[in-house]
Each structure stands twice: as structure tokens, then as C-alpha cells.
Amino acid sequence: PNSIANFSFVSSESLGQQLIEEMPELHVEYPANKLVELTVNDASSSEPTTVVTGRVYCTDPTSGVVVLQKALVHTTLACEMQWILASTIVKRKILEEGDASDEDAATKVYPLSTKLDVKSLEDKEKRALKLAREALEHINIKATPEGQAVFDRLVKACNEVVWHSNESSIVVLGQVRVDPPYNSPDCCHLLRNGSVDDKKLAQGCLERVQRIVSAIATSQQ
């Protein structure tokens with residue numbers, strides 16, 4: 001008797017999707033941080049296959065790539081990264097840690113603790129914001145590049161430094177003013193009245209600022 005065969009047609013897109021779903025996920029096949037020995041088809045080499053040993057750094061399912069971290073010896077570099085197409089891997093072997101050389105063992109990446117100290121992070125954020133605000137306060141958009149350079153150096157040396165209300169002079173420790181063009185003779189102390197000890201302190205502060213300004217002028221020559 002005649003029989004009629006029923007055929008079902010599958011689109012190439014559906015077939016491709018099915019093959020992808022049947023393939024093991026890369027991160028499962030090649031677990032991160034595992035030491036592996038891979039046999040790879042190498043078209044660029046005279047040998048049909050090449051054996052590569054390294055530690056799995058990561059995998060990329062989009063490009064189908066396995067990234068290995070390989071230890072280096074007799075070099076100042078700690079390691080190198082090698083990208084391998086998963087489709088070219090014909091054999092995979094996960095090695096035990098005992099099989100690793102000292103160099104390969106040193107490439108192991110230990111996971112970070114998942115416990116976060118929220119208060120510590122908030123304190124770091126507040127301190128970073130405080131430093132950023134202080135740095136912005138030190139910038140005078142009306143100052144010359146030379147004046148800003150002198151201001152920045154004085155901040156590092158004396159810490160308590162502000163711009164004068166005239167926006168061109170620099171006041172150091174509330175006791176010494178440095179006027180443009182910011183040379184040693186342009187420094188003067190602000191103390192008009194006071195005890196002998198206060199005047200000695202002001203004079204010592206003035207001399208220190210003058211030395212710093214002189215050093216800046218010398219370095220810019």
C-alpha cells in the first residue's frame with residue numbers, strides 16, 4: 001500500500017537555538033579559578049593540536065571564549081592572559097591543586113568576602129566628599145597659573161592656607177600674606193600688635209613661607 005511520509009521542517013534559527021540550549025554553559029564546563037589542561041585545535045601551528053595549561057579566569061558566553069590566566073617564569077611579569085575559543089577545545093581536564101606548579105598556584109584568585117561593613121563604606125564616602133570639597137575650595141579660577149602653583153605647594157607644606165579676599169593674595173596660617181608675583185620679597189606677616197613671643201612666632205612663620213616661595217621660584221626657572 002502507498003504510504004505518505006510526514007516531514008516537519010525546522011528553521012535554521014530554531015535549530016541553532018536548540019543546539020545552543022543543548023550545549024553546556026561555559027561557566028559550568030570551565031569553572032572559574034579552576035586549574036585546567038585544554039587540548040586545542042590550532043590551525044596556526046604545524047601541530048594539529050596544542051595542549052594549554054592555566055587557570056580559568058573567566059568565560060564569555062557571547063563570544064564563546066574561555067580566558068586562561070597563565071603563570072610566567074623568568075620574567076618581571078606575574079602572569080599572562082590567553083583567550084581560547086571554546087569551539088576549538090577538543091579535550092578538557094580539570095587538574096587538582098596538587099598538580100599545580102608554584103607559579104600556577106600563585107595565580108589563584110581567592111574570592112572576596114561578601115560581608116560588607118556599611119558604616120565603614122559610609123565613612124569612606126563622607127571623607128572622600130570632604131576632601132573633594134576642600135580641593136575645590138583651593139582652586140581660584142581668577143588666579144594665575146603661577147599663583148595657583150604657589151598656593152598648592154603651600155597647602156602641602158602648611159595645610160592652613162586660604163585665598164585673600166582680594167582673590168590674588170595668599171594667606172598662610174592666618175599670619176603671613178603672599179602677594180603677586182609670589183616671590184620671597186612679596187611675603188609679609190600680618191601681625192601688627194602683640195607680645196614679643198607672638199612677634200617671634202610670626203617672624204619664624206614668615207621666614208618659613210619665604211623659604212618655600214623661594215624654592216618654588218627656583219624650581220620654575
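**Notebook: a pocket and a helix pair**

I sorted the residues lining the second largest pocket by class and got seven nonpolar, two polar and two charged. A reminder to myself: this is a predicted model.

Next I looked up the volume of the second largest pocket, and it comes to about 220 Å³. Then I listed who lines it: L131, E134, A135, E137, H138, F151, V155, N159, V161, V162 and W163. The elements giving two or more residues to this lining are α4 (118-137), α5 and β6 (161-163). Which element gives the most? I found that α4 does, with four residues.

I checked how helix α5 (residues 145-158) packs with helix α6 (residues 196-220), and noted an angle of about 135 degrees with the axes 10 Å apart. Angles over 145 degrees would count as roughly antiparallel and 65 to 115 as roughly perpendicular, so I wrote the pair down as oblique to each other. I also noted the handedness: α5 passes α6 in a right-handed crossing.

Which residues meet where the two helices touch? On the α5 side I have A149, V150, R153, L154, A157 and C158. Facing them from α6 are R208, V209, I212, I216, S219 and Q220. By class, this contact of α5 with α6 has eight nonpolar, two polar and two charged residues.

Note on methods. Residues are numbered from 1 along each chain as its sequence is written. This is a predicted model: local features need pLDDT of at least 70, side-chain atom pairs count only at pLDDT 80 or more; totals for chains, interfaces and linings use all residues. Side-chain values use heavy atoms; hydrogens and water are left out. Axes are lines fitted to C-alpha atoms, for helices over the stretch in contact, and angles run from 0 to 180 degrees between N-to-C directions. Angles under 35 degrees count as roughly parallel, over 145 as roughly antiparallel, 65 to 115 as roughly perpendicular and the rest as oblique. A crossing is left-handed if the near helix is turned anticlockwise from the far one by less than a right angle, and right-handed if clockwise. Contact means heavy atoms within 4.5 Å. Ala, Val, Leu, Ile, Met, Phe, Trp, Tyr, Cys and Pro count as nonpolar, Asp, Glu, Lys and Arg as charged, and the others, Gly among them, as polar. On a 1 Å grid over the protein atoms alone, a cavity is a set of points where a 1.4 Å probe fits but cannot get out, and a pocket is an open set with protein on both sides within 12 Å along at least five of seven lines; lining residues have an atom within 4 Å of a point. Grid points are joined across faces, edges and corners, and a volume is the space filled by probe spheres set on the points.
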